Amino acid sequence: QVQLVESGGGLVQAGGSLRLSCAASGSIDNLNPMGWYRQAPGKQRELVASITSGGITNYADSVKGRFTISRDNAKNTVYLQMNTLKPEDTAVYYCNARNRRLWVADDYWGQGTQVTVSS
């Protein structure tokens, strides 16, 4: 089992910044990729950004140029720097990690952290 613990959410005004962190622990083999998803009220969970163990990143179009995902492989931690936040970024943000062991891959999720952007 892998445990993911998120931190860094909160309330911020439009145009502001927040940094989310997600630390993985437990039976870790190869966390690839790690990423962030979000779910707004009444909407489906959507991918925000992901990053491979080699540093290849992928972003949703809605956050490109504003959000930056990074990771510290030695600490099994992934970060999401969110700048120029908009009210439509308001959601619960979930950390995700895919743990790969030989031919098996299991997905793990954090408990979620609330991000609220006021206009």
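This is a predicted model: local features need pLDDT of at least 70, side-chain atom pairs count only at pLDDT 80 or more; totals for chains, interfaces and linings use all residues.
**Entry 1**

Residues are numbered from 1 along each chain as its sequence is written, and side-chain values use heavy atoms, with hydrogens and water left out.

Which residue forms a salt bridge with glutamate 46? I found arginine 38, with the closest N and O atoms 2.7 Å apart. A salt bridge here is a side-chain nitrogen of Lys or Arg within 4 Å of a carboxyl oxygen of Asp or Glu. Arginine 38 is buried, with a relative accessible area of 7%.

**Entry 1: other salt bridges**

I searched the whole structure and got 6 salt bridges. One of them joins the side chains of lysine 64 and aspartate 61, at 3.1 Å from N to O. Aspartate 61 is exposed, with a relative accessible area of 64%.

I then looked at aspartate 89 and arginine 66, whose side chains meet in a salt bridge at 2.8 Å, N to O. Aspartate 89 lies in the loop between strand 8 and strand 9, and arginine 66 in the loop between strand 6 (57-59) and strand 7 (67-72), so the pair ties together parts that are 23 residues apart in sequence. Helices (H or I, at least four residues) and strands (E, at least two) are DSSP runs, numbered from the N terminus. Are aspartate 89 and arginine 66 buried or exposed? Both are buried. I also noted that Arg38, Glu46, Arg66 and Asp89 are linked in a network of salt bridges.

**Entry 2: the disulfide**

How many disulfides does the structure hold? I found 1, a disulfide being a pair of cysteine sulfur atoms within 2.5 Å. Cysteine 22 is joined to cysteine 95, at 2.1 Å from S to S. The link of cysteine 22 and cysteine 95 is left-handed, with -80° about the S-S bond. Cysteine 22 is in strand 3 (residues 18-26) and cysteine 95 in strand 9 (residues 91-101), so the pair ties together parts 73 residues apart in sequence. Cysteine 22 is buried at 0% relative accessible area. Cysteine 95 is buried too, also at 0%.

I traced an open sheet of 4 strands, in the order 1-3-8-7, with antiparallel pairing. Strand 1 (2-7) and strand 7 are the edge strands, and each pairs on one side only. The twist averages 15° from one strand to the next. For such angles, axes are lines fitted to C-alpha atoms (for helices over the stretch in contact), and angles run from 0 to 180 degrees between N-to-C directions.

I wrote down that strands of a sheet pair through backbone hydrogen bonds, either parallel or antiparallel. Two strands count as paired if DSSP finds at least two bridges between them. Strand 3 and strand 8 run antiparallel and are joined by 6 bridges. Cysteine 22 stands opposite valine 78 in strand 8.

**Entry 3: rings**

I searched the whole structure for aromatic pairs and got 1. Tyrosine 37 and tryptophan 109 are edge-to-face, at 5.0 Å centre to centre with 65° between the planes. The pair links distant parts of the chain, with tyrosine 37 in strand 4 and tryptophan 109 in strand 10, 72 residues apart. Rings of Phe, Tyr and Trp (its six-membered ring) pair if their centres lie within 6.5 Å; planes under 30 degrees apart count as stacked, over 60 as edge-to-face and the rest as tilted. Tyrosine 37 counts as partly exposed at 23% relative accessibility, and tryptophan 109 counts as partly exposed at 38%.

I checked charges over rings as well: NZ of Lys or CZ of Arg must be within 6 Å of the ring centre and within 35 degrees of the ring normal. The charged end of arginine 19 sits over the ring of tyrosine 79, 4.2 Å from its centre. Arginine 45 lies over the face of tyrosine 94, 3.8 Å from the ring centre.

**Entry 4: backbone**

I found a cis peptide bond from asparagine 32 to proline 33, with omega near 0°. Proline 33 is in strand 4 (residues 31-39).

Threonine 84 is not a glycine, yet its phi is positive, about 45°. I placed threonine 84 in the loop between strand 8 (77-82) and strand 9, and it counts as partly exposed at 45% relative accessibility. Leucine 102 has a positive phi of about 55°, although it is not a glycine. Leucine 102 lies in the loop between strand 9 and strand 10 (104-109) and is exposed, with a relative accessible area of 75%.

Notes
Buried means under 20% relative accessible area, exposed over 50%, partly exposed in between (1.4 Å probe, protein chains only).
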